[in-house]
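Subject: Structure handover, with notes on salt bridges

Dear colleague,

Please read the notes with the sequence and the structure open beside them.

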Amino acid sequence: MRAWRTLGRHVVGLTVVALAAGLGTTAGCAVSDSDVRRWETTEGGPEKLYAIVTHDKYSWSMRDDAALSLIHMRPRNGKRVGLEYLVLGYDTPMGKVQGALSVLTDEARKRIVDDIAPKLVDMMQQPPPPRPTDGSPLQPDPSIPYKDAAFGLLSHEPPLAADDATKASLTAALTQWVQTDFESRVDNSSQQFGVEQIMRFLGAPSVKTLPSTIAEASTKNDKAAQLVADIGDDETKKRAGEALVGLAKLIDSPAWMDKQRALVNEANAKTHMTPTPQQISDQLKQYQEQELEKVFVNMKRVGGRPVVEYCLAYAKDKGKSEKMRTDALAAIQDRMDKNVPSDFQSVFDIIRDSANPDAVRGVAMSRLGELPKDMIVTKLYTLFEDKKWQVRLDAAKLVIKVISTKDVPDFMRHLPADAKTKMGLNEPLVYGLNIMAMDPKGGPKPRDVLNQFLTSGDLGAKLTAAGSYYQAKKGDAAAVLPLQTDTAKLPKCDPADNCGWECVVNKEPKVPTTVGEFVKWCIVPQLQ
């Protein structure tokens with residue numbers, strides 16, 4: 001860095017001396033206001049304007065005008081050369097040259113920046129060009145050069161705007177600028193500094209009005225939601241959540257569907273297509289869900305009470321499709337509030353209702369697992385009685401995730417006691433291996449706890465203890481080998497239950513019917 005600065009000062013010194021000497025021999029040694037304006041368009045103009053800004057032989061007003069000329073100078077080969085010469089620095093064959101404002105004394109820099117700041121603020125307040133309605137290109141935004149200059153002054157390291165009042169006025173103007181016509185400006189490629197970059201620099205105040213831009217007609221809802229989620233304050237996030245809920249309700253309304261149906265019918269008439277009413281309805285339903293899915297994605301970004309309450313109500317509605325109900329639950333990942341009992345109860349109601357699709361119950365189970373242990377374990381144990389063993393499996397995995405090894409005996413007591421309750425092959429394997437992976441944290445070791453249940457009279461506990469030896473080392477498996485002669489019956493399942501009681505031994509499928517066969521065919525062959 002020191003070498004760069006030395007080179008920069010050396011190059012700057014040569015540049016300023018040479019240019020100042022050159023300017024002194026031009027037009028009778030006098031530089032006029034018309035020269036300053038003319039140099040905005042000439043090939044060597046940037047260097048001459050740079051020299052005026054940096055040389056104290058020129059009047060303050062002329063130096064201010066030269067700085068402004070560099071700011072509103074038209075881009076050259078796609079680059080804002082004037083901004084480079086004034087603020088950012090530019091390249092020469094001898095190395096990088098600092099911008100004109102950087103090489104000034106603190107006093108001179110403050111004088112010029114304070115002088116031009118009101119002009120920048122005034123020019124930033126120019127209204128954006130109207131959006132074309134005939135498909136023609138958008139007209140250039142005349143405020144962009146001044147906005148870029150203002151941001152350059154504030155973001156430069158060290159900042160080039162030192163006066164608190166000047167910084168405050170530039171910050172306020174930028175904050176207003178980035179939120180005005182956000183949809184058009186956010187992706188305007190003619191900017192030196194993009195809207196998102198400026199917003200992230202300015203922080204929460206710069207996104208306060210973005211919730212009002214979230215609407216059906218907007219093409220920048222994703223960007224607005226992401227920026228609010230990343231840098232907005234709580235109040236702004238709440239308003240964004242409310243806006244997204246309003247948008248979701250609109251899309252999910254009969255009025256919205258009627259509007260889209262009319263547009264589809266009009267388009268079909270123009271193209272002489274004659275789809276059936278059912279085909280149109282199916283197409284509209286698919287489109288509606290696609291649009292709602294976009295809203296759910298943004299809800300997941302923003303979160304907040306309005307979003308959580310809407311998504312829980314949507315997920316409980318059996319009139320909605322399975323996919324959209326799961327999307328609604330996915331949107332509130334890590335968003336439920338442990339201090340709001342209705343959040344917990346809504347999710348639990350979805351899980352325990354066997355009429356709900358497995359996919360919906362599964363995502364609801366994941367949301368339940370995000371709540372504190374003392375809220376969920378007792379309720380999870382009630383799910384062990386569900387008719388579907390898959391529900392017990394999901395609930396049990398959550399229980400194991402939050403309990404300690406000293407709680408394992410209580411867990412085992414909640415497993416099926418005998419073969420009258422259907423179980424899946426995955427259950428004892430998953431339970432056993434997950435318990436073995438637990439950190440004792442000063443409590444009993446997982447193996448010591450599990451081995452106590454190898455002789456249990458309860459089928460689920462015994463199978464889980466045996467299943468914990470799946471892929472264990474042969475030298476550590478002596479305790480499970482005696483179970484190969486256990487004649488206790490395994491649960492009987494219907495094909496629709498997908499219990500999966502089948503193991504492959506020497507490429508031959510085996511269907512165990514007893515605990516002994518389970519150990520002999522499913523555990524022992526897998527010992528390492």
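In what follows, buried means under 20% relative accessible area, exposed means over 50%, and partly exposed is anything in between (1.4 Å probe, protein chains only). Please bear in mind that this is a predicted model, in which local features need pLDDT of at least 70 and side-chain atom pairs count only at pLDDT 80 or more, while totals for chains, interfaces and linings use all residues. Residues are numbered from 1 along each chain as its sequence is written, and side-chain values use heavy atoms, with hydrogens and water left out.

The structure contains 43 salt bridges, a salt bridge being a side-chain nitrogen of Lys or Arg within 4 Å of a carboxyl oxygen of Asp or Glu.

One of them joins D394 and K397 at 3.9 Å, N to O; both residues belong to helix α20, three residues apart, about one turn of the helix (helices are DSSP runs of H or I of at least four residues, and strands are runs of E of at least two, numbered from the N terminus). D394 is partly exposed at 28% relative accessible area, and K397 is partly exposed at 35%.

Another pairs E242 with K238 at 2.6 Å, N to O, within helix α12 (residues 234–251), where the two are four residues apart. E242 is partly exposed at 37%, as is K238 at 43%.

D386 and R361 also form a salt bridge, at 2.6 Å, N to O. This pair links distant parts of the chain, with D386 in the loop between α19 and α20 and R361 in helix α18, 25 residues apart, and both residues are buried.

Best wishes
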